[in-house]
Structure formats: C-alpha cells, structure tokens
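Open the model in your viewer and keep the sequence panel beside it. This tour goes from one selection to the next.

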Amino acid sequence: MKKRFFNLLTCMVALWALSTQELSAQMVAVRTDAVKDLMLTPSIGFDLVVGEKYTLGAEVAFNHNPWGIKMKMTSVTPEFRYWYNGRPLTRQYVGIVANMTG
C-alpha cells in the first residue's frame, strides 16, 4: 500500500511539474487541512491556476494507527474549481471533486 501511495504521489508531482512551464505569483497555492491534522491524519494539497476563473487541485492525506487504534487510511482528492469572483483563489467557488480512499 505504501509503495502504491508513493508511486501515485510521485506521478502527481511529475504531472504538476510538467504542466507548469512558467510560474508567477498566485499561480500555485500549497495548503493543508487543519482539522485533519488535529485528527492525526496529515494532509497536503495544492491548487494550480489554469485559466482566468479555473483551478486544478489535489490533496493527499494519510494516517497509520492514530491514537493507537489499528487503522490505516490513504486519501487522494483531485479537484476542478470554477471561481465566481474575477480571479482564482479568492472567495466563492463551485467545483467537481473525486475522493479516492483506500
């Protein structure tokens, strides 16, 4: 499971690196989810601006035996967002999300 997770993460980073020819301010945002972090499920994600009102994003979260409970979880969440405001990464949006948990 760990090998598959790291292979998927490596592929996501490689695709992101290949798709970003030129980066400038506010083109990429790195984020985390504080609630998941408090629940001992570390997560990291990014949003990449692909148009005037569109972003692509992904988040990866995982845990292994939190609080001594025998449990494993890996989650990958790709996202596509349309931002109502004139520019991406500000205010309200509507999006399509696919959550893959294993």
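Select arginine 31 and glutamate 59. Both residues are buried. Keep in mind that this is a predicted model. Now colour by element of secondary structure.

Buried or exposed: which are glutamate 79 and arginine 31? Both are buried.

Go back to glutamate 59 and select lysine 36. What do they form? They form a salt bridge, with the closest N and O atoms 3.1 Å apart. Lysine 36 is in helix H2 (residues 34–38) and glutamate 59 is in strand E3, so the pair ties together parts 23 residues apart in sequence. Check the cover on each partner. Glutamate 59 has 9% relative accessibility; that is under 20%, so it counts as buried. Lysine 36 has a relative accessible area of 25%, which makes it partly exposed.

Side chains of opposite charge can pair when their charged atoms come close. How many salt bridges does the count give? The count comes to six.

Turn to the surface. Select Val35, Met39, Leu40, Trp67, Ile69 and Met71. They form a nonpolar patch on the surface, and together they have about 610 Å² of accessible area. Pick out valine 35, which is placed in helix H2. Valine 35 has a relative accessible area of 56%; that is over 50%, so it counts as exposed.

Now zoom out and show the cartoon. The protein has two helices and six strands. Along the sequence, the pattern reads α-β-α-β-β-β-β-β. Of its 102 residues, 27% count as buried. Switch to a surface view: the accessible surface is about 7400 Å², and carbon and sulfur atoms account for 64% of this. Finish with the contacts. Among those between residues at least 6 apart in sequence, 40% join residues at least 24 apart.

How values were computed:
Residues are numbered from 1 along each chain as its sequence is written. This is a predicted model: local features need pLDDT of at least 70, side-chain atom pairs count only at pLDDT 80 or more; totals for chains, interfaces and linings use all residues. Side-chain values use heavy atoms; hydrogens and water are left out. A salt bridge is a side-chain nitrogen of Lys or Arg within 4 Å of a carboxyl oxygen of Asp or Glu. Buried means under 20% relative accessible area, exposed over 50%, partly exposed in between (1.4 Å probe, protein chains only). Helices (H or I, at least four residues) and strands (E, at least two) are DSSP runs, numbered from the N terminus. Patches are made of residues with over 30% relative accessible area and no salt bridge: like charges are joined within 9 Å, nonpolar side chains (Val, Leu, Ile, Met, Phe, Trp, Tyr) within 5 Å. Accessible areas come from the Shrake-Rupley method with a 1.4 Å probe; for residues, only the protein chains shown count as cover. Contact means heavy atoms within 4.5 Å.
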